[in-house]
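User: I would like to learn how to read packing, aromatic pairs and backbone angles in a model. Could we work through them one at a time?

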Amino acid sequence: MNDCVFCRIAAGQAPATKVYEDDTLCAFLDIRPIARGHTLVIPKRHASELADLDADSGADIFRAGHRLALAIRRSELAADGANLVLNDGTAAFQTVPHVHLHVIPRRHRDKLSFAAGLLLRRPHDPQTTAAAIRAGISALAHADETSAEEGSQG
């Protein structure tokens with residue numbers, strides 16, 4: 001779909017600060033973040049709403065969101081938690097007609113800054129933020145490898 005901004009981002013035809021990409025998914029920083037590190041996970045194949053998305057792709061999106069939430073905790077962003085939010089349809093405040101999962105970093109006692117972020121939604125140094133998340137992903141990959149090696153030695 002050429003008129004879909006998320007399809008153009010996934011195809012590399014529109015700018016975005018990507019933090020993760022594989023054959024079926026793309027994750028990039030929200031251009032109007034609620035909090036620093038607010039990331040969107042999308043399927044590369046267009047699906048306007050959940051009804052257009054197969055269950056396996058939905059599971060892949062949430063699996064990637066889970067991984068990104070963990071990476072944001074491990075990164076220099078050092079989040080204490082995350083909200084994983086998927087707005088399905090305009091009635092649920094979906095503003096871009098392409099399925100996307102919001103991964104929003106949270107910190108203890110951040111209710112006021114979170115509320116302000118909902119209203120202001122301004123970028124937070126996207127290049128440094130993306131680099132921090134990618135470093136968190138690498139740290140998780142290293143931990144996974146170490147755990148696998150320890151498991152095979154036992």
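User: What covers the buried residues of α4?

Analyst: Please keep in mind that this is a predicted model. The cover over the buried residues of α4 includes β1, β2, β3 and α2. The buried residues themselves are T129, A130, A132, I133, G136, I137 and L140.

User: What should the 28 residues of α4 span, and how far apart are its end C-alpha atoms?

Analyst: The general idea is to compare the end-to-end distance of a helix with the span expected from its number of residues. At 1.5 Å a residue, α4 should span 40 Å, and the 41 Å between its end C-alpha atoms agrees with that. Helix α2, residues 55-74, can be read likewise: its 20 residues reach 29 Å from first C-alpha to last, close to the expected 28 Å.

User: Which residues of α2 are buried, and which are exposed?

Analyst: Burial is read from relative accessible area, with buried meaning under 20% and exposed over 50%. In α2, the buried set is S57, G58, I61, A64, G65, L68, A69, A71 and I72. These residues cover an arc of only 160° around the axis, so they lie on the same side of α2. A55, D56 and R63 are exposed on the other side of the helix.

User: What do the buried residues of α2 pack against?

Analyst: Their partners are the strands β1 (18-21), β2, β3 (39-43), β4 (81-85) and β5 (101-106), together with helix α4 (126-153). A single residue illustrates this. L68, placed in helix α2, counts as buried because its relative accessibility is 2%. Apart from neighbours within four places in sequence, L68 is in contact with V19, A27, T39, V41, V103, I133 and I137.

User: Which backbone nitrogen does a side-chain oxygen of D54 reach at the start of α2?

Analyst: The side-chain oxygen of D54 comes to within 3.2 Å of the backbone nitrogen of D56.

User: How many aromatic pairs does the structure hold, and which parts of the chain are linked?

Analyst: An aromatic pair is read from the distance between ring centres and the angle between ring planes, where over 60 degrees counts as edge-to-face. The structure holds 1 aromatic pair. F6 and F28 form it, with 5.4 Å centre to centre and 70° between the planes, an edge-to-face arrangement. The pair links distant parts of the chain, since F6 belongs to helix α1 (residues 5-10) and F28 to strand β2 (residues 25-29), 22 residues apart. F6 counts as buried because its relative accessibility is 6%, and F28 is buried with a relative accessible area of 3%.

User: What does T17 touch?

Analyst: T17 lies in the loop between α1 and β1 and, at 16% relative accessibility, counts as buried. Not counting residues up to four places away in sequence, T17 touches F28, L29, P126, Q127, A130 and R134.

User: Over which ring does the charged end of R106 sit?

Analyst: The charged end of R106 sits over the ring of F114, 3.7 Å from the ring centre.

User: Where does A78 lie, and where does D125 lie?

Analyst: A78, although not a glycine, has a positive phi of about 45°. A78 lies in the loop between α2 and β4 and is partly exposed, with a relative accessible area of 42%. D125, also not a glycine, has a positive phi of about 40°. D125 lies in the loop between α3 (111-120) and α4, and at 45% relative accessibility counts as partly exposed.

Notes. Residues numbered from 1 in each chain as written. Predicted model: local features only at pLDDT ≥ 70, side-chain atom pairs only at ≥ 80, totals over all residues. Heavy atoms only, no water. Phe/Tyr/Trp six-rings, centres within 6.5 Å; stacked < 30°, edge-to-face > 60°. Helix = DSSP H or I, 4+ residues; strand = E, 2+ residues; numbered from the N terminus. Buried < 20%, exposed > 50% of the residue type's maximum accessible area, 1.4 Å probe, protein only. Lys NZ or Arg CZ within 6 Å of the ring centre and 35° of its normal. Expected span 1.5 Å × (residues − 1). Arc of directions from axis to C-beta. Contact = heavy atoms within 4.5 Å. Polar contact = N/O pair within 3.5 Å; in protein donor to acceptor, adjacent residues only side chain to side chain.
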